[in-house]
Amino acid sequence: MAQPVNGFSKLSKQDKINWLATNHFQNKEAGISILEQYWNNDAKLQALHDEFIENTVSNFYLPLGIAPNFLINGKYHTIPMALEESSVVAAAGKAAKFWQDRGGFKTSVLGSEKIGQVHFMYTGDTDKLKNFFNQIKPTLLKATEEITRNMRKRGGGISNIELRNKTEALDYYFQLHCTFETLDAMGANFINSCLETIAKTFKEEAQHYADFTSEEKNVEIVMSILSNYVPNCVVKAEVSCPIEDLNDDKGLSGQAFAEKFIRAIDIANAEPHRAVTHNKGIMNGIDAVVLATGNDFRAIEAGVHAYAAKDGSYKSLTHARIENGIFYFWIEVPLALGTVGGLTSLHPLVKLSLEILNHPSAKDLMQVVAVAGLAQNFAAVRSLITDGIQKGHMKMHLTNILNQLGATKEEKEYFVNFYKDKTVTHSGVINEFDRIRTNNG
Ligand code: MEV
């Protein structure tokens, strides 16, 4: 049972671990030893990780896998992926190989606009507010000049500030809707700093605006924060090939495959229960690259799912069609990513992942990430409409089951061979494992 504790963050790392062990571990020594097993031997590297967050007691590893052979706009890419789900990297590899022989992936960035908002309440005359805003807009921009100087030098900065009347949704609610170009930075800190300065200036200017009554002068700033919904920071990735080139070893003609594939997407568009799982498969690819490159996968997840619901119901992020005998399959997805700032220059594996990707700009990374999502969806839907998902899934999961059972290297080899032409099931593995262990003595 958890106990309340005061001043926990001020305790030393060792005292935090002792508190944890006393209050939460059945076997204190064993628990502490697991935490310590995941510490890095290099004290400097461990200190770096300790300081990423508060109250660090250990490191939580995820495998970093590599998916080579991604032909994107005529150039080969090796994609780093950090995740725990057994079949995802294998699926990426298969999709990369499939499309490598069919012209590869084509990508383009459709927009890179980031958004932040100052949310405020105003109870007075709307026309007066509009006049006030138009008058002070240059002052708002001027107030941020110090913060935006470097970004402007490189071609970015604040692209616009708009006054938006949201009183139909909520009484007295208005916003300053601000748009930004943050170049290679994800830009969260930059945007939030700009917004807080804009909000402060807006409030101060209102207090001195002669046309306002004393009540109107009293604008209430509620909050200033970036939005993770970025419908104009969008990238497109596409594959296409003549239908007959879709013939594969799954027993479907190219035409039948293409039609069934499109039907699978139609189902995702018609049925949110399916759309959520369909898009989850896409996020298997997207999140893995986002994590490996030190980006904020929670921001990406939130923005992507809002985008999937932008037309009023939750739909597929991917689309497919047949036109003049060509099968087209594509994704359009909002991805606010950065390749400078944040973890990108701090976490050694993030730096290495960016090196694997040949030091991409944020726009380059958007394209790679969208490809990872599209590839993952292709692999999943291809399996679903042919062999079913379990055949490949369970084959990859076999190692996890065997590790849980404590199988030896020889036993693992035996099982790979045993399941060459059979579908893996959890109970089947356990029965066969018991059988061979009993027989072997
Ligand atoms: C599993 O992680 C992802 C899938 O369920 C995606 C899908 O159903 O499209 C296989």
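So, the largest pocket has a volume of about 1500 Å³. By pocket I mean an open set of points on a 1 Å grid over the protein atoms alone, with protein on both sides within 12 Å along at least five of seven lines. The volume is the space filled by probe spheres set on those points, which are joined across faces, edges and corners. Before I go on: this is a predicted model, where local features need pLDDT of at least 70 and side-chain atom pairs count only at pLDDT 80 or more, while totals for chains, interfaces and linings use all residues. Residues are numbered from 1 along each chain as its sequence is written, and side-chain values use heavy atoms, with hydrogens and water left out.

Back to that pocket. Its lining has 45 residues, where lining means having an atom within 4 Å of a point. Phe52, Gly294, Leu343, His347 and Val350 lie nearest the centre. Helices supplying at least two lining residues each include helix 3 (43-50), helix 7 (188-207) and helix 12 (348-356); helices here are DSSP runs of H or I, at least four residues, numbered from the N terminus. By class, that lining is 25 nonpolar, 18 polar and 2 charged. For the classes, Asp, Glu, Lys and Arg are charged, Ala, Val, Leu, Ile, Met, Phe, Trp, Tyr, Cys and Pro are nonpolar, and the others, Gly among them, are polar.

Helix 10 gives the most, with 6 residues.

On to polar contacts, that is, pairs of N or O atoms within 3.5 Å. Glutamate 85 has a polar side-chain atom 2.5 Å from a ligand oxygen. For lysine 280 the corresponding distance is 2.7 Å, and for arginine 274 an N or O atom of the side chain is 2.8 Å from a ligand oxygen. Taken alone, the ligand exposes 300 Å², and the protein buries 85% of that, using Shrake-Rupley areas with a 1.4 Å probe.

Methods. A polar contact is a pair of N or O atoms within 3.5 Å; within protein, one must be able to donate a hydrogen and the other to accept it, and residues adjacent in sequence count only if both atoms are side-chain atoms. On a 1 Å grid over the protein atoms alone, a cavity is a set of points where a 1.4 Å probe fits but cannot get out, and a pocket is an open set with protein on both sides within 12 Å along at least five of seven lines; lining residues have an atom within 4 Å of a point.
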